[in-house]
Amino acid sequence: MNRLNKLFESKKDNLLSIYFTAGYPELNTTLDIAEALEKAGVDFLEIGFPYSDPVADGPTIQHSSEKALENGMNLNQLFEELIDLRKRVSIPILLMGYVNPMVQYGIERFCKKAAEVGVDGVIVPDLPMYEYENLYSKYFIDNGLSNIFLVTPQTSEERIRKIDSLTNSFIYLLSSSSITGKNLQVSNAIENYYKRIKAMQLKNPAVIGFGISNNEAFTKACEYALGAIVGSAFVKFLANDNYLEKIPEFVKSIRP
Amino acid sequence: MKYGVNEHGYYGDFGGAYIPEMLYPNVEELRQQYVQILNDPGFKAEFEQLLRDYVGRPSPLYPAKRYSEKYGANIFFKREDLNHTGSHKINNAIGQILLARRLGKKRIIAETGAGQHGVATATVCALMGIECVVYMGEVDMERQAPNVSRMKMLGAKVVPATSGSKTLKDATNEAMRDWINNPVDTHYIIGSVVGPYPYPEMVAQFQSIISQETKKQLLEHTGNELPQYVMACVGGGSNAMGMFYHFLDDESVKLIAVEAAGQGVESGHSAATTFLGREGVLHGSRTILMQTDDGQVVEPYSISAGLDYPGIGPQHAHLYKVHRAQYVSITDDEALQAGLLCSQLEGIIPAIETAHALAYLEKMTFKKDDNVVICISGRGDKDLSTYIKYFGY
């Protein structure tokens, strides 16, 4: 049982997770940001490793990825920055990024290294289920890493059940079929989709992400899921001066 | 087919569908339906009729007399440049618009590099009365300005891709983002044999008309449907795959794919993917791509916008790895010279993409009776300003 499972056992509602891109706005701040977010009460984190061609991301995260790469961020640098992760941060940590940097690093090596520094899970939007199941799942499982899958309003029930069987922490429910950074408009269709998922009584809890940028969207998401993930809105916030000091304020604006 | 795709969408080690979940339903819908639709007699009849009456197929297989004299072999040009819209891209665009209509899609998106695929897509959308949005790198919009105007005149909306190198790869990223945001009503007409399965296979099938016709025409010209050599340029690789397709299992036929070396393979300004790339994942498929040690995609360079792409289609990656086809490269200068030579020896101004394939003739030694087919993938009208600037006409 990893930190994620423990968290989901102990806390049943209003979970807040924050995404940020490692290396943005500058190098060597990954743990400072993570620590500040934990202190501000955030329940778990997603740390993005940048990729040159992030097709699932909107302009905000694209920009942060570009900047992070310019700054020299890569997987070696990230694992370097995470060496003291478990001395400074105790909440669950996920790494999130695209598959090609992992392929070049070596997926087995990536999983070992992630486990070594104390990472709990990985989200790789463009790693397909078939390839995960047949080629890579052993590396994740051997290293105690959860692989988190995304589900959209268009994902079939059969596929959701399959995803539920392949993972062991949570299901990442997309608020709509869209790239990151679009503001969520809660419609009847989306509410029905949330209700449909809830009624499926999956073994894994659901956490909602994409388009969660303020308290209203967060509160709405928490009606249907264990919690919600804020990404682009936080990455945008990191462009502020003295962002580390202002993190508690940001977190309060989402979950007072 | 020995070099064909398997049930999981792989050509040997390459292919698959490395896509985020948001694209899964769209791609899965295509995967489930394309084979059935393509094999439907009604579809086939409509496709063939449009290729004949609208595109002007079959395209001629022209015995290039003066080229044959110069290079000491029987050289044939497969004249895709004579197709409506001026390149092979229309074959795939016709196929996919008919497919999109059968899938009930109301809106078409496409990416384009040189603008040939964009023009072909805008054309078929005009033909069918369907809304069309084409993503094109900002840099490409400048160097292929006539094609931008053509697309607009055909009623398409052209959206500049302003991220990264502002070329084909970035236009592809933007088109994929559009598709993620519009999953239900939109069909994405990918222009090359790239992207998640089933795209590489589907596009190859639509383009395979090139080699299908060639075999028949070659038989008429030479008494043998098999040549010694088949040559084509490769960016993503759609004209090459169409030109190779029906020759793949005829192992006696040597297949030569010509990549763009740009300013030279080692110059740091190149698009010679098999020379500079490694295995990885790009635009939804496992293939060979130009990338850093960290797996970041490298921005390629070629004077030819249609070859300025950091990857190759997964089937090409497979043909390369198992040595079924030979992958070579040609620089900007060599290509431009070949474009001039073809203009003055045969009265055909080729697209700069095509000129790369022609340029490789200089590096080959033929036997007198060798039959050689080169795919003239497109015409050079769109490249006149580049030619004029280079040669000072």
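The structure is a predicted model, in which local features need pLDDT of at least 70 and side-chain atom pairs count only at pLDDT 80 or more, while totals for chains, interfaces and linings use all residues. Residues are numbered from 1 along each chain as its sequence is written, and chains are lettered from A and ligands numbered from 1 in the order in which they are written.

**Overall build of chain B**

- The C-alpha trace of chain B spans about 55 × 45 × 40 Å along its principal axes, and the chain holds 16 helices and 14 strands (DSSP runs numbered from the N terminus, with helices being H or I of at least four residues and strands being E of at least two).
- Of the 393 residues in chain B, 61% are buried, a residue being buried if 20 or more other C-beta atoms, placed from the backbone, lie within 10 Å of its own, exposed if 12 or fewer do, and partly exposed in between.
- Among the contacts in chain B with a separation of 6 or more, 73% are made by residues 24 or more positions apart (two residues are in contact if their C-beta atoms, placed from the backbone, lie within 7 Å).

- In chain B, 33 residues of domain 1 are in contact with 34 residues of domain 2; helices H4 (89–102), H5 (116–128), H6 (138–143), H7 (145–153), H8 and H9 (199–207) of chain B each supply at least two residues of the domain 1 side.
- That side of domain 1 of chain B has 14 nonpolar, 15 polar and 4 charged residues, where Ala, Val, Leu, Ile, Met, Phe, Trp, Tyr, Cys and Pro count as nonpolar, Asp, Glu, Lys and Arg as charged, and the others, Gly among them, as polar.
- Helix H9(B) is mostly covered, with 9 of its 9 residues buried, including B:Tyr199, B:Glu201 and B:Phe206.

**Strands and sheets**

- Four strands of chain B form an open sheet in the order E7-E6-E5-E8 with parallel pairing (strands pair if DSSP finds at least two bridges between them), and its edge strands are E7 (157–161) and E8 (186–189) of chain B.
- Strands E5 (residues 107–112) and E6 (residues 131–137) of chain B pair in the parallel sense over 6 bridges, and B:Ile109 has B:Val133 in E6(B) as its bridge partner.
- Strand E4 (residues 74–79) of chain B has 5 of its 6 residues buried; E4(B) pairs antiparallel with strand E3 (residues 61–63) of chain B over 3 bridges, and runs parallel to strand E14 (residues 371–376) of chain B, to which 6 bridges join it.

**Contact with chain A**

- In the contact between the chains, 26 residues of chain B meet 31 residues of chain A, and helix H8 (168–181) and strand E11 (278–282) of chain B each supply at least two residues of the chain B side.
- H8(B) gives the most to this side, with 6 residues, and the residues of the side divide into 11 nonpolar, 10 polar and 5 charged.
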